[in-house]
Amino acid sequence: MSLLPALQTRYAVKKFNPAATISRAQLELLLEALRLAPTSFNLQPFRLVQVIDPAVRERIRSEAAFHQPQVTEASLLFVLAAETNVDERTIARSIDLAAAIRNVPRSSLEARENQIKGFVMSFPPEQRLAWAQRQAYIALGVLVSAAAEAKIDVSSMEGFVPDKVDAILGLSEKLLRSTVLVAVGVHSEDDEFAHLAKVRKPIEQIFQVL
Ligand SMILES: Cc1cc2nc3c(=O)[nH]c(=O)nc-3n(C[C@H](O)[C@H](O)[C@H](O)COP(=O)(O)O)c2cc1C
């Protein structure tokens, strides 16, 4: 399906079919879309963490995510988590990668490295985390769009308590902050949201020429 019809027909699934599964190929498509998402300075300061253990998913649902059923009923559950330790080493690694992939001397990228450091390191740590989370949201948008195109159902959820999810999964020790839950699967035939008209502002309220 091409992108616009896919965006017109996709929706935020509230009720998944717990018996329906997502294939390895479908998962890989979503991961590749996430990987290719653009981010500021190309730093990609996030991880997509898959939660496999059903008991852990149940804990997230009941202790942290306000009992949202998508957490346990979708085929797959992910936590999109932002890195809490974006620093000069993050930037240096990104420059290393660019030099290797583009086969250019690292020294040719040093001005760029210093420019990125000047921008990112001027933020205090909490603003740096907020910045990393914004990058994660860009990746979420790309993942959701790719899923729509491939007719894979997704539910993005901010309705959870990040401190609780971080504690359940031990994310703080991994220098990660849970940002969005992403449930992926196949919607249930009786999900009433599947049949609702799409509600969006008219374009005049979104687009403006000044
Ligand atoms: C970042 C984000 C967080 C969301 N959090 C929740 C959530 O916690 N629970 C929920 O039921 N829906 C959640 N939604 C779904 C939105 O409510 C939904 O996308 C919006 O109402 C538009 O509907 P549509 O996606 O079906 O077109 C979230 C969506 C996004 C993008």
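Relative accessible area is sorted into buried (under 20%), exposed (over 50%) and partly exposed in between, using a 1.4 Å probe and protein chains only. This is a predicted model, in which local features need pLDDT of at least 70 and side-chain atom pairs count only at pLDDT 80 or more, while totals for chains, interfaces and linings use all residues. Residues are numbered from 1 along each chain as its sequence is written, and side-chain values use heavy atoms, with hydrogens and water left out.

1. Q44. At 27% relative accessibility, Q44 is partly exposed. Q44 lies in the loop between α2 and β1 (46-51); helices (H or I, at least four residues) and strands (E, at least two) are DSSP runs numbered from the N terminus. Its phi is positive, about 45°, although Q44 is not a glycine. Most residues other than glycine have a negative phi.

2. N103. A positive phi of about 55° is also found at N103, again not a glycine. N103 sits in the loop between α5 and α6 and is exposed, with a relative accessible area of 70%.

3. D87. The loop between β2 (76-83) and α5 (88-102) holds D87, which is buried at a relative accessible area of 16%. The D87 side chain makes a polar contact with the side chain of R89 at 2.5 Å (a pair of N or O atoms within 3.5 Å; within protein, one must be able to donate a hydrogen and the other to accept it, and residues adjacent in sequence count only if both atoms are side-chain atoms). Apart from neighbours within four places in sequence, D87 is in contact with M121 and R128 (contact means heavy atoms within 4.5 Å).

4. α5 and α6. The axes of α5 and helix α6 (residues 110-120) come within 10 Å and cross at roughly 150°; axes are lines fitted to C-alpha atoms, for helices over the stretch in contact, with angles from 0 to 180 degrees between N-to-C directions. The pair is therefore roughly antiparallel (over 145 degrees; under 35 is roughly parallel, 65 to 115 roughly perpendicular and the rest oblique). On the α5 side the contact is made by E88, I91, A92 and I95, and on the α6 side by R112, E113, I116, K117 and V120. By class, these are five nonpolar, no polar and four charged residues.

5. α2 and α7. Helix α2 (residues 24-36) and helix α7 (residues 125-149) have axes that come within 8 Å and cross at roughly 145°. L29, L30, A33 and L34 of α2 meet A139, V142, L143, A146 and A147 of α7. The residues of this contact are nine nonpolar, no polar and no charged.

Definitions and conventions
Ala, Val, Leu, Ile, Met, Phe, Trp, Tyr, Cys and Pro count as nonpolar, Asp, Glu, Lys and Arg as charged, and the others, Gly among them, as polar.
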